[in-house]
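Hi everyone, thanks for coming. Please get the structure up on your screens, and we'll walk through a few parts of it together.

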Amino acid sequence: MPGEVKVMTRPEGKGSYVRAALKGMGVTLKHMVDPHKVTQQYPEEKWELAPRMRGTHRMAVHEDGRSKCVACGLCPTVCPVNCIKLIPAEDENGERYAAVYEIDEFRCIFCGFCQEVCPVEAIHLSVHYENAEYSRERWVYDLERLCEIDHPYTALWDPADPSSE
Amino acid sequence: MREIGGGAFVLATALKAIVFFTLLMVCVALATYVERRLAAFVQDRSGPNRVGPIGLLQPVADGLKNLLKEETWPAAANHAFFLLAPALAMIPATVLFAVIPFGSPLPTRWGFVPMIVADVPIGILYILAIASLGVYGVVMAGWSSGSKYSFLGGLRGSAQMISYEVGLSLSLVPIILLAGDVRVPAMVTLQQHYPGDSATLGTWLLLPLLLGAFFVVVTSLAETNRLPFDLPEAEGELVGGYHTEYSSMKFAAFFLGEYAHLLTTAALITVFFLGGWDIPFWQGDNIRVLSDGTLAGDPSWWKTLLTLVAFSVKASLVLGLFMWIRWTLPRFRYDQLMDLGWKFILEFVTIYILVIALAVYTLDRSGVEYGWTYAGVLTGVNVVLAGLLFIGFDRGRLLRGAGQRAEREARRGHMEARRRVREAALAVVSGEGAAPEETGEVAPEGGR
């Protein structure tokens with residue numbers, strides 16, 4: 001069955017421009033005096049970030065301040081953009097550690113694979129995004145800097161708890 | 001007390017010019033800030049609130065930015081005119097400020113100083129003449145940029161400003177009819193209330209010339225190129241309009257000129273319809289210059305200051321109205337703009353002048369003296385006319401595009417054809433008639 005075609009007509013010859021304009025001015029006046037503002041005053045007010053937000057990296061440390069990284073080499077392997085530079089070394093006890101561990105945050109796409117793949121839960125992403133710098137070099141975070149960062153860890157996606165509650 | 005003369009006069013005038021120009025420029029800067037804040041409030045935003053307390057220093061930052069920005073010279077530009085245009089856009093708007101009375105005369109040891117830079121005897125004519133000079137800046141900028149968009153903007157601007165000048169000038173005629181004088185301070189005196197004096201109307205002209213005020217506001221919006229009539233700089237169509245090619249301080253000059261024009265217009269509307277510097281319901285400010293050059297009334301410095309404040313408040317309210325309108329109404333289509341100017345405002349204002357002239361003539365002949373009765377009768381005439389205009393005539397008939405009648409005819413034909421097609425289709429479905437293709441019915445083009 002063919003449906004009815006609804007033909008819309010313009011309200012011509014019925015409306016008054018002046019009255020419509022006055023009505024519109026009433027609407028704008030209402031908004032003008034309305035104290036509610038949608039603008040977020042950014043540096044003072046900030047977004048409440050989701051616990052699974054993936055931001056700047058941070059490295060978990062032992063109680064004595066050493067990084068938890070065992071230089072297994074999984075994170076540079078899994079990294080899709082090759083932003084992790086890792087040179088492993090071995091100390092006198094035969095334990096592996098990262099002699100050089102650098103993350104180029106400029107190149108990083110914050111996929112979070114490094115955090116997922118890490119067997120000792122050393123490298124993490126954190127809930128943090130304000131990392132502007134004056135030079136590109138500053139965007140390459142070395143191990144020391146990564147260890148010092150203390151923003152909250154990004155919560156990984158857990159199949160048993162899909163909404164991270 | 002007499003007006004100061006000789007060297008003191010020259011000095012006082014120079015001082016007034018400097019002070020008022022500075023005030024104007026400060027107000028222009030503030031107006032840009034207020035406009036942005038108001039726009040933000042209308043749109044539920046906060047607007048500039050970072051530079052200085054609640055963002056008050058934003059105009060300073062903007063000015064600094066414009067001064068430090070690179071100045072570009074388009075390759076195709078005609079340099080002399082390109083440089084001249086911003087000045088021509090700015091000067092008329094500022095020069096207009098010279099004939100606006102801001103407050104009651106200031107008494108000094110050497111005589112009284114009228115709070116007006118130049119009380120020219122041709123007041124309103126001067127205003128109309130200088131205001132129409134503003135179009136040269138627009139045209140020159142559009143043409144000398146060597147850019148097609150600028151050129152189109154300049155052409156639009158000139159056509160629009162010339163069209164609405166007619167309406168604006170005619171809307172001011174009823175005021176001259178009532179004042180019997182074209183000097184601007186006479187308008188203020190006319191609107192003051194002198195009990196028992198038959199020389200003044202005793203009420204602000206907003207009431208007895210309600211429709212005149214309405215038309216002056218509408219045409220002023222068009223004259224200052226503001227929304228809903230900002231077609232010369234319709235950014236959706238013309239990039240930036242006549243000032244597309246301008247940068248840095250030359251662009252800022254256009255901007256300043258625009259706002260100076262706006263302020264001047266607000267001040268003029270204040271003088272013409274809101275009693276100028278008159279403080280309502282108070283007779284203490286009844287100070288006027290008599291025809292023999294002496295001052296009647298009791299001037300003092302605090303009265304001057306008070307009337308100055310009253311004037312500023314009124315002008316700010318008019319300015320606020322302009323901004324409010326700007327952030328409410330969408331832009332007209334160009335043919336609607338021209339229709340409104342030539343096919344409606346011109347005619348209606350002419351009729352309006354005739355009606356007001358007739359009313360004034362009748363009142364004068366019947367021996368009614370200036371005063372509240374006189375003003376009341378005129379107000380009644382205006383209310384009736386306004387009712388006729390807004391309830392009787394304006395039912396979507398005032399604003400109609402040039403092609404809209406033809407369009408409506410076409411649409412009527414289109415809908416008729418559609419109806420036939422639909423009926424034929426229904427007939428086919430129910431297995432009674434032929435397919436619509438076979439009837440040879442094709443919907444005509446042109447409908448929406």
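Let's begin in chain B, with helix α7 (residues 210-223) and helix α9 (residues 248-273): their axes come within 11 Å and cross at roughly 165 degrees. An axis here is a line fitted to C-alpha atoms, for helices over the stretch in contact, and angles run from 0 to 180 degrees between N-to-C directions. Helices (H or I, at least four residues) and strands (E, at least two) are DSSP runs, numbered from the N terminus.

Before I go on, a word on the source: this is a predicted model, where local features need pLDDT of at least 70, side-chain atom pairs count only at pLDDT 80 or more, and totals for chains, interfaces and linings use all residues. Residues are numbered from 1 along each chain as its sequence is written, while chains are lettered from A and ligands numbered from 1 in the order in which they are written.

Back to our pair. α7(B) and α9(B) are therefore roughly antiparallel to each other; angles under 35 degrees count as roughly parallel, over 145 as roughly antiparallel, 65 to 115 as roughly perpendicular and the rest as oblique. Their crossing is right-handed. A crossing gets that name if the near helix is turned clockwise from the far one by less than a right angle, and left-handed if anticlockwise.

Which residues of α7(B) and α9(B) meet? From α7(B) come B:A213, B:V216, B:V217, B:S220 and B:E223, and from α9(B) come B:T265, B:I269, B:F272 and B:F273. Contact means C-beta atoms, placed from the backbone, within 7 Å. The residues of this contact divide into six nonpolar, two polar and one charged. Ala, Val, Leu, Ile, Met, Phe, Trp, Tyr, Cys and Pro count as nonpolar, Asp, Glu, Lys and Arg as charged, and the others, Gly among them, as polar.

Now look at helix α3 (residues 79-95) and helix α4 (residues 123-144), again in chain B. They pack at an angle of about 160 degrees, with their axes 8 Å apart. That makes α3(B) roughly antiparallel to α4(B), and the crossing of α3(B) and α4(B) is left-handed. The residues of the contact between α3(B) and α4(B) divide into 17 nonpolar, three polar and no charged.

Is B:D285 buried or exposed? B:D285 is buried, because 23 other C-beta atoms lie within 10 Å; the cut-offs are 20 or more for buried, 12 or fewer for exposed and partly exposed in between, with C-beta atoms placed from the backbone. Leaving aside neighbours within four places in sequence, B:D285 is in contact with B:S104, B:D278, B:I279, B:K303 and B:T307.

Let's finish with chain A, which has four helices and five strands. Buried residues make up 19% of its 165 residues. Strands β2 (residues 84-90) and β3 (residues 96-104) of chain A pair in the antiparallel sense over seven bridges; pairing requires at least two bridges found by DSSP. A:I84 has A:I103 as its bridge partner in β3(A), and A:P88 stands opposite A:A98. β2(A) and β3(A) form a hairpin with five residues between them, and A:G94 in the turn has a positive phi of about 80 degrees. The open sheet runs β2-β3-β5 in chain A, with antiparallel pairing, and the edge strands are β2 and β5 (140-141).

Technical notes. Contact = placed C-beta atoms within 7 Å.
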